[in-house]
Structures are given as C-alpha cells and as structure tokens.
Amino acid sequence: MSLPRTEVPKKPTVLTSSLRKRIRQGRWAYLFISPFYISFAIFGLIPLVLSVWMSLTRWKGVGPMEYEGFQNFALVFKDKLFWKSILNGVYMAVLHIPILLSLSLILAVILSSGRVKGFRIFRTIIFLPFITNMAAAGFTFAILFNQTSGLVNVFLTDYLHLAGVPWLENEWWARISLTILLIWAWLGYDMVYMLAGLQTIPHELTEAAMIDGATPAQAFFYITVPLMRPVLIFLTITSTMGSFNLFTEVFALTGTGPAAATLTPVIRIFNVAFDSFQFGYAAALGYVFFVIIFVISLVQLRFNRERES
Amino acid sequence: MSSKLLSKMLAILVLTSILLAACGSPATEPATQAPATEPPVPPTATPEPIPTGHLLIWVQKINMEAWQNTVLPAFQEMYPDVEIEFVNNSPQQVADDVGLCIQGGTGCPDLFVTGTEYGTKLVDLGGLTDLTDLVQPYIADLHPGMLAACTKDGRIYCVPWDIGPMGTFYRRDVFEAAGLASDPDSVSAMIATWDDLLTTCQTIKAETGLNCFALNKANNEGYLYEYMLSQQGLGYFNADGELTIDSPENVATLEKLAMFWEAGVVSDTQVWTDPWYAEFANPVDNTDVPPVALITIPVWMGGFLKGWIAPAAVGNWGVAQMPAFVEGGARAGSGGGSSYYIPETSTNPTAAWALIKFLNLDPANNAAIYAYADIFPAVFSAYAEPVFEEADPYFGGQQTRAFFAEVASNSPADHFLHPYGAVMRTNVLIAIQKFALGQVTAQEALTEAEDATALETGMTQH
C-alpha cells in the first residue's frame, strides 16, 4: 500500500481555466464546425498568404521562387490587355445589370401579385436556365447567334426581312450577345431574391396608397422600389462582381473575341497563370483586380447610403 | 466568444492545416520516380526489360482510334501483360492537365500525346522524363524542327510524332464550274503565288458567285497568316530568341492577307463551326451555305475531309501546292504537329517507351497510322514505306502521300514553337483581328502585339 502523493496543485489562471472550460463546454460544436475552418485554412487562408509572397516573385509553379520585389505590380500598370479586360467588365456591368434587375423585379411583382395562375410553374421555368450547364448553354447560344446559319439571323432575315446581325463578329454585338446570355441565365436567380424581398413589404402599404388614389405604377415606383432597395443594392454589387468574373460564359460563347472585346479580368489572370506559367505575375494581377473590385463595391455602397440619407 | 479565444482557435487551425498539407504527397520527386538524368529504361545496347503492367495514356480520341484501328492490336499481342487505359481529351486540355499534375507533383499519366506547340512549355517547365539516351539512335530520322521543340539545355524530353506539311485542298467541281482546269498540276501552276491565287479566286467569284475560301475577320484564328510566315521561314521570334512579331516581313505578310478581304472573294465564316464544315460539303448549287473552292492547310485536313466533313465527296477533292509568297519562293510550309511525352512521375516508363518505339519509331507502323488517319510522320524513314506511293481514291487517285512527303522535305524551318508561344499567339490574334476590322494598320497592330509580348515575357525585341 502506498501513501498518496502530496502534490501542490498549480493554481490555474482565471484566463486559462475560463478558456479550457469554454472549449470543454463547446467541444462538440467546435468539432462539428472544424471541417470548414480546416478546409478554409488549407484551400483559402494559406494560398492567400502564399499568393502575397508569390506576387513578389517569378515562379513557374515548380522550382525556386525568384524574388523580384514589386516588379510584377509595376508590370500590371503597363498591361494594356488587363486594363482592357477591366473596361470590358465595366461595359458588361452597364449593359446587363439595369436590364436584369428591372426585368427580375417586374417579373417578381407580377408573379407575387396573386393574379397569375400556375405561379410555381412560371417561377420554375424562369429559374431553370440558372441551373443549366453554362458551357452547354454558351455553345448553344453560339450556334443560335452564328452569323451565317444561326436561327436568330435566319429568323431576322427570312421572316422579318431584316438584315442579319453580326452577333459574334463585331465588338459591341459580341458584348450584347453575352448580355443576352447573362440575362437568360441569371434572371431566375435574381427573381427569387426579388420575390423574397417583396414578401417583407406589407401589403397594407400598397393597399393604402391605392385607396388614396395611387395608380399601380405609382405604387410600384414610390412604394415597392424604395422598399426593395436593400435587395437591389445586394444584387447590384454581386452582379457587378459577376461582370468582372465572367469565365465559362465568355469561353463558350465568344472565346474572348473579337479583338479581346469580351476578355474579362479573370480570364486574363487565368491565361497568364496557365498559358505561360507566370504565377507571380498572375498573383499580382489578382491583387490589383481585388483592389479594383473592392473600391467599386465601396463606391456603390456609399452612393446608395447617400441616396438613402 | 472572446477575440483572444478566437485568435487561439485560428492559430491551432492554421497549424493543423500546415501539418496536414505537409503530410500530403510531396511536390517533387516521389520515391518511385526516376532521376531526370538516368532514365529507367536502359540504353538500346543492353537487353530491354519486357514491358508489363498498367499504362495510363492521355491522348485525343482521334489519335487513340488511329492506333486502335491499325497497329495497337499487334502491340498488345506482343506484350499481352501491358494493360492500356486511355483518357481522351483535346491536345490543349491534355497539356493544361499535365502542367497541373507536374506542378502538383501527382496525378500524371504514364504517357501522353499533345500538340508540340502546347508541349513546348511543358518541356521548359520540367517534370518530364529525359529521353536523350533513348532517342539518340533515332535523331537523324526525326524532324529537326520538332526535335528542337523537345529539347532543353541539350536534353530531349519528347519524341516527335507528326508534322503538318501544307497543301491546297481544292474542289474539282467548283473549279470546273468556273471553267478552270481541275487537275492537280494545272491548279498548282494556276496558284503559283498568293497574287495568282487572288486572280483565280476572282475568276471563281465572277463565274460562279462562290467564295474562294473562308477568312473570318473578327474571330480570325491566325492559321493562314502563320502558314504564310512558315513558308518564308519566319515566325514570332528569330534564331537568337528575339521577338520578330512586327518585323517588316511579318507586316508585309499580314498586308498580303488583307488583299483577299479587300477583293471580296472570301467568306466570313469562322473556322471549326458547322457553316465552315458545310462550306466544304455542300454541293455547288447550295444557296443556304454556298461552298468554297479551296483551303490551304496542313495534311491532316485530308483525314477530316474523308472522315467526317465530306466523306461522300470521293474523287471531288484534289491537292495542289500552296502558293509561294513571291514568285520562285518556297511552296512548302508546316503547321502544327504533336509529340509523345513521358512524365517523370510515370509509374511505367518501360511500357511507355516500348509503345513509343512500336507506334512511332517503327517506320512501317508509323506509316500505317498515317495511311489510316492522315497524321503525317515526323519520322523520315516512314516516307520510304510502300504506302507513300499508293494513290488515294478520295483525292481522285492522286498520290497525295508522296506529294506531302516532298513538301515535308522542302519546308523551311519556322519559328513558332516556344515556351511563351501561347502569349505570342494571343497577342498576334488580337492584332490580326484589330487589323481585319480596320481599327489599326498592320504595322500598328503587330507593334502593339510585340510590345505586349515583350512586356509580359521579358523577351528581347529584335
């Protein structure tokens, strides 16, 4: 039989005991949420930190990284193709966002009015393009918009007796073709957000306005639209980012042409990274691109806040 | 949750992720890989091991089918213990995927085939098996231009399979409808230079209303421009590795191309689209998509015409020499080609090399593949095979294989294959399109392309 050892227990600090207690209490919760944080760290955080270093080097993806300071960033400001791609992003945003948001809001108002029979069927049909494979959709649109034998031009020339449109053979028409594809693809997605936003607007407001003599159009512009502003701001910002991030749509429909008229920043960065394995320069392009998007989003938010105030 | 607690949690997670990442497969040099300087297959002087085991091959489908329908069954009979698995993808996709697997250090096939224009950047990247000692006995038999694209620092990392000697494929019915002679010798004489071709095109247009060939403006893919450079021994860089994108010769070539647009004798159809195929297949009286008279393109177009573009047009097509840039100039040029590559991480380099030897370095087998799919050998000894003397019924009994063998022997060395070839091509295509749309002059367009390439790659301008 041995005597119990007499140990002087260490007095835990308040902080560590509190921390341990909290970890112990929430251990299952931490365990269940840990896969996200671990994968985020591996696939998000570490690449993010590494890419900062990468942007200061010349690196082919294998072998040693050669430190070059801010040379890659200096190169970005001379890269005409990159700045053209940024301008293309602006064009695409201006071309498609006003139409997309207007159409999706109008459709949402019509569908939520209670006067449309088969509301769910229409909602499903309008949403279907969003879940269609974009590569397949892009190739299909390319066939439809073919200058020589595309169905769109056949319809225009044979049935309407109009001149054929150089859908993919002219810089601006190529952007318009892309706009049509984007609206087709994203209308349902934006409409679902609009429908959700409309449910937060009390019917009484519209009804009271109508009793006071407002027309349906006045009720729409003076009640519905202002109250939908948070949804509109959210969709404007995400659609703007989307305009700069177009990838599959462009590859499948226009292939970045004509003369890089539909080249987007993301495709430019991808090409730099994988066509010539210049990962350092691609990382620098990525960071400059991030700053541009960040500033555009801030400006949009500030502009809307000022309008609200 | 306090911010300190959050910080500690985050730190733990970051450390965990680093440890997990460290536990992953190493980025370079796995234990099974052969050292770059010592290929696992012994030189031909010593007995070679008998290939066995699994062999994963990345290759485009038409190449795979060409092997399967010709000599691959004989290889499998010879080496029954080799189990071949194919993954089909386009040459560009194969090159992109191999680039990623080399950079990731895992996931590469045992053998792959891709266009040499894509493979050049992989040779420069590293991660391919050094085949120098194995290829050494065959060097004199391989196309030197393609072999140069396989070489880095004096070491050889791929084996050229095919090259693209140029010809002008023309439709006899369109020539006859225009009241022109349609036998290959007469057509070759008729289109002796690009200026002569323009005259012929104008006759065809005047007599039949048909376009001569397709030359899209807005989405021009630059093929014809590159073929015209190739026949002059030009390209995007010179022998010293300096950029020559906007050299006077290149500017003159682009301006020469423009005369076909200005004369209004070409269609604006984009290549590799349904209307483009229809222009080759449709009868002369088709008004929806009227046919064109000809196309100047590498030898492999013959396989496409026979196989799926116009298989019913037996006897209607002929092959003439491509026009010279100037009178008395070269009437031979080359476009494209592909090679065999073995990644360093290949788990079965023995079987991979055995297959390359069997399919490619055996002249009879190589010629058999050519006869089946018009994939023209980069191995000179194959040209002596009897199949090269045979007449091709699709081309009205013309000896097209002998014709292309002669073109291949006379093609000047061009300068397109470069690790930064994709950058050059991207910038040149934009230049051609801008010029074609009338936005800039040929000089301005090509100077802008060269400046952009120099900026991005750091290459010296001539």
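Reader: How many salt bridges does the rule find across the interface of domain 1 of chain A and domain 2 of chain A?
Author: The rule finds 0 there; a salt bridge is a side-chain nitrogen of Lys or Arg within 4 Å of a carboxyl oxygen of Asp or Glu. One heads-up: this is a predicted model, where local features need pLDDT of at least 70, side-chain atom pairs count only at pLDDT 80 or more, and totals for chains, interfaces and linings use all residues. Residues are numbered from 1 along each chain as its sequence is written, chains are lettered from A and ligands numbered from 1 in the order in which they are written, and side-chain values use heavy atoms, with hydrogens and water left out.

Reader: Ok, and where are those domains?
Author: Domain 1 of chain A covers 14–54 and domain 2 covers 74–308, with bounds from an automatic or database domain assignment. Their C-alpha centres lie 36 Å apart.

Reader: How much area do they bury between them?
Author: About 310 Å², 65% of it on carbon and sulfur atoms. Buried area is the accessible area (1.4 Å probe) that two parts lose on being put together, summed over both.

Reader: Switching topic: what's the buried area between chain A and chain B?
Author: About 3,600 Å², with carbon and sulfur atoms giving 62%. In chain A, Glu169(A), Asp275(A) and Phe277(A) lose the most area to chain B, together 15% of what that side buries.

Reader: And how many salt bridges there?
Author: The count is 2 between chain A and chain B. One of them pairs Arg268(A) with Glu456(B), and their closest N and O atoms are 2.7 Å apart.
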